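Please read them with the sequence and the structure open beside you.

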Amino acid sequence: MGEVYEVTIWARGVTQDMEGRHLSLLIANSADKDGKFVQAWDDYADLPDRVQVPLRKYARISDEDLEMRYDYENDHPNMSVIMDDTIVKGINVLRGMPKGGVLVVNTKRSPEEILKFIPNKDLLDAIVCVDANSIAGAVDLDFMGSEGGVETVSVGAGISAPIVGAAAKATDRLTLESLVAVAANKDGVKKGYETAQVKSL
Amino acid sequence: MSDFKFPEGKEVPRGAVLPAPVKENRMMITGNWRTDRPVIDHEKCTLCLNCFIYCPDACWHLDEEEEKMVWNADFCKGCLICAVECPAFALTAVNELEFEDGVVRLEKPF
Ligand code: SF4
Ligand code: SF4
C-alpha cells in the first residue's frame, strides 16, 4: 500500500451532519473520478444526533489500493477541514497531523484571526478560509438513502460545495474539474475555489 | 423534613429537594458544542435565578458574596435557553470567536 492522503472533517451535529458527510463524499467521489483509490466514512463513536456537538467525517485518497479496512479514524490527517469556525476553540483540530498539513476553515473571518486559536500551527503549510455559508445560502435538506449510505442525489448542494472548492486551492490531491463534476452545486464549488483566502505558512 | 412547616399560603405539592450539582464530569465537557455564548449585563440582571433554573447543564450559579450570577464556560453548550428565559433581557448571544477565553480544546469530541 502506497502513501495515503488523509482528510479529517470536523462538523457540528444535526445541523451539519449531512453536509459533513457530503464533504467527505465529494472528496472521495472526485478523487475516484481522477483514478485514485478512495474511502469516505463517518466516525461511529460520535454523537451526530446532538445539536452542535463536534463530530468527525473522514476521507482517504491513495494511488494504490487502500488496505486500511478496519481503521475507523484517521490518525495522521494531512488535511483538516473545519465546517464551523468555533470548533477551533473546542477541539485540537490538528491532532496527529504530520508537518506540512493543510487547515481549511468555513468562516467569515481571516486566516490570521483563525490562526490565533491554533496553538500548534507550526504543523501547517497553509490555512484556507472560505465563507461557505454566504456562498451556499439556505438549502433544503434532502435525506436520500439510509443514513447516507447510498446517497447519490444532491450530494454537495449546501456548504460542502464551496468548502471543498476552497480545499482544492491548497492541495493538488483534489482537482477542481472533478469536484465540479460530482457536486450538485457546481457554481458553489467554483465560488468556493475563487473566493477562498489561502495563507501559506 | 417531617418537622418542616410551610409558611401559611405557601404549601407546595409533595416533591423532592435536590442539592445543586457541585461536581463536574470532566469526561463529558460540552463547552465545545458552543458557537455563541450568553453574555451577562450585570446592570440589568435582577438575580431572579431564572437562568439557574432553566439551564439544562447547571451552568449559572449565584455567587452570594458578590451578588452576581457566575457562568461556567467549560460546560455551557450554547443552547441559549437562558437568554430566551431571562425576563430582564440581561443575556445576549455573542459569537464564541470574539473571546480568547473559554477554550477547552479536547482531543476527541467529548
Ligand atoms: S446557553 Fe444553555 S447551557 Fe449555556 S448557560 Fe445558557 S442555558 Fe446553560
Ligand atoms: S435570568 Fe436574567 S435576570 Fe434572572 S438571574 Fe439570570 S441573568 Fe439575571
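1. In the contact between the two chains, 23 residues of chain B meet 26 residues of chain A, contact being heavy atoms within 4.5 Å. This is a predicted model, in which local features need pLDDT of at least 70 and side-chain atom pairs count only at pLDDT 80 or more, while totals for chains, interfaces and linings use all residues. Residues are numbered from 1 along each chain as its sequence is written, chains are lettered from A and ligands numbered from 1 in the order in which they are written, and side-chain values use heavy atoms, with hydrogens and water left out.

2. Between them, chain B and chain A bury about 2100 Å², with 55% of it on carbon and sulfur atoms; buried area is the accessible area (1.4 Å probe) that two parts lose on being put together, summed over both. Of the area that chain B buries against chain A, 37% comes from B:Trp33, B:Leu97 and B:Arg105, more than from any other three residues.

3. Four salt bridges are counted between chain B and chain A, each a side-chain nitrogen of Lys or Arg within 4 Å of a carboxyl oxygen of Asp or Glu. B:Glu96 forms a salt bridge with A:Lys89, and their closest N and O atoms are 2.9 Å apart.

4. Ligand 2 is surrounded by 13 residues (a heavy atom within 4 Å), and the closest are B:Cys45, B:Cys48, B:Leu49, B:Cys51 and B:Cys86.

5. Around ligand 1, the surrounding residues include B:Cys55, B:Cys59, B:Cys76, B:Cys79 and B:Cys82, together with B:Trp60 and B:Trp71.
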